[in-house]
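Please look over the structure below with this briefing beside it.

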Amino acid sequence: MKILITGGLGTIGRLLNYFLLKKNHDVFYLDLSHNNDKNYYRCDISKYSQISEILNKNEFDIVYHTGAEFGRWNGEDFYENVWMSNAIGTKNIIRLQEIHKFKLIFFSSSEVYGDYEGIMSEDVLEKYPIKQMNDYAISKWSNEMQIKNSIIQFNTETVILRLFNTYGPGEVYNNYRSVVARFVNNCIKNEDLIVYKGHKRTSTYIMDLINVCLKIPDNFKSGQTYNIAGDDVHTTEELANIVIKNCGDTKSKIIIKDSEIMTTRDKVTTNFKIKKDFN
């Protein structure tokens, strides 16, 4: 198959590229940086002329759309980037999908569930009015609605993946990255770990996510949404203790604070649907 990965230099995009190539697919990827790889395109997906030039010149079977501005605080500090990349960028890709009819695998977020108190199953947002808690979450829910509207109007074929706290090798730390990356970075620098009391999470090892992504084309069910999450539920304090233990001689300590604003307290989900369809 001929495949395009948006956000191809990101944590998920790099691994997808590597393993799709190992499966002998014809893989191209794009991102914002300069890169001399012959299969790479420098492209800002929020600019229709840039993404349309790529998609008009190629007949892709599948597009893995990982490219996005990530994170709730990043979404507050750089909201213009978030809305241009996530909302306009995704709409540009959908418009071109309506023309070229490629299958789309869209990477959403568990943030769309807001502060829902209960098991975050895929049908929750169809049953209950959910208030997303930050611009990043709102942008991802907007993307899901954009996609579903296109499916209804133009019979486009898309699968939506809602990612839960993905962690693992390849994540380059910055101040807006996930809690695992933040805790590891703190321990390396002997800085204290800030833990907000009462928060629970379900985490996902990145290779489990990649393995699912590799299987989706073989059982592609357009219109379906899947939670991508591990089996365990843990508090952030338990996570902090695991990181400190495995970082060995760090001088870091755990500092407990009250609940963080604009942040989901509990992310408890089910991965039954993804297990059933993709083993």
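Strand β2 (residues 26-31) and β3 run parallel and are joined by three bridges, where two strands are said to pair if DSSP finds at least two bridges between them. Within this pair, Leu 30 stands opposite Tyr 41 in β3. The model is a predicted one, in which local features need pLDDT of at least 70 and side-chain atom pairs count only at pLDDT 80 or more, whereas totals for chains, interfaces and linings use all residues. Residues are numbered from 1 along each chain as its sequence is written, and side-chain values use heavy atoms, with hydrogens and water left out. Helices (H or I, at least four residues) and strands (E, at least two) are DSSP runs, numbered from the N terminus.

**The sheet**

- β2 and β3 belong to an open sheet of seven strands with parallel pairing, whose order is β3-β2-β1-β4-β5-β6-β11.
- The edges of this sheet are formed by β3 (40-42) and β11 (225-228), each of which has a single partner strand, so one side of each is left without a neighbour in the sheet.
- On average, neighbouring strands of the sheet are turned by 20° against each other, with direction ignored; axes here are lines fitted to C-alpha atoms, for helices over the stretch in contact, and angles run from 0 to 180 degrees between N-to-C directions.
- Strand β4 (residues 62-65) pairs with β5 in the parallel sense over four bridges, and in this pair Tyr 64 stands opposite Ile 105 of β5.
- On its other pairing, β5 is joined to strand β6 (residues 158-163) by six bridges, again running parallel, and Ser 108 has Arg 162 in β6 as its bridge partner.
- Strand β5 (residues 103-109) is largely enclosed by the rest of the structure, because six of its seven residues are buried, buried meaning under 20% relative accessible area, exposed over 50%, and partly exposed in between (1.4 Å probe, protein chains only).

**Helix packing**

- The axes of helix α2 (residues 48-57) and helix α4 (residues 79-100) come within 10 Å and cross at roughly 30°.
- That angle makes α2 roughly parallel to α4, since angles under 35 degrees count as roughly parallel, over 145 as roughly antiparallel, 65 to 115 as roughly perpendicular and the rest as oblique.
- α2 passes α4 in a right-handed crossing; a crossing is right-handed if the near helix is turned clockwise from the far one by less than a right angle, and left-handed if anticlockwise.
- Tyr 48, Ile 51, Ser 52, Leu 55 and Asn 56 of α2 make this contact with Asn 92, Ile 93, Arg 95, Leu 96, Ile 99 and His 100 of α4, contact meaning heavy atoms within 4.5 Å.
- The residues of the contact of α2 with α4 comprise six nonpolar, four polar and one charged, where Ala, Val, Leu, Ile, Met, Phe, Trp, Tyr, Cys and Pro count as nonpolar, Asp, Glu, Lys and Arg as charged, and the others, Gly among them, as polar.
- α7 and helix α9 (residues 236-246) pack with their axes 10 Å apart, at an angle of about 40°, and are therefore oblique to each other.
- α7 likewise passes α9 in a right-handed crossing, with Val 179, Val 180, Phe 183, Val 184 and Cys 187 in α7 meeting Thr 236, Leu 239, Ala 240, Val 243 and Ile 244 in α9.
- The residues of the contact of α7 with α9 divide into nine nonpolar, one polar and no charged.

**Buried positions**

- Ser 110 is found in the loop between β5 and α5 (124-127) and is buried, with a relative accessible area of 2%.
- Leaving aside its neighbours within four places in sequence, Ser 110 is in contact with Arg 162, Leu 163, Phe 164 and Lys 267.
- Ser 150, in helix α6 (residues 135-154), is buried with a relative accessible area of 2%, and apart from neighbours within four places in sequence Ser 150 contacts Ile 94, Glu 98, Asn 155 and Thr 156.
- Ala 181 lies in helix α7 (residues 179-188) and is buried at a relative accessible area of 11%, with contacts to Glu 171 and Tyr 173 once neighbours within four places in sequence are left aside.

**Positive phi values**

- Most residues other than glycine have a negative phi.
- Asn 24 has a positive phi of about 70° although it is not a glycine; Asn 24 is in the loop between α1 (11-22) and β2 and is exposed, with a relative accessible area of 71%.
- Asn 279, in the segment after α10 (272-278), has a positive phi near 60° and counts as exposed at 80% relative accessibility.
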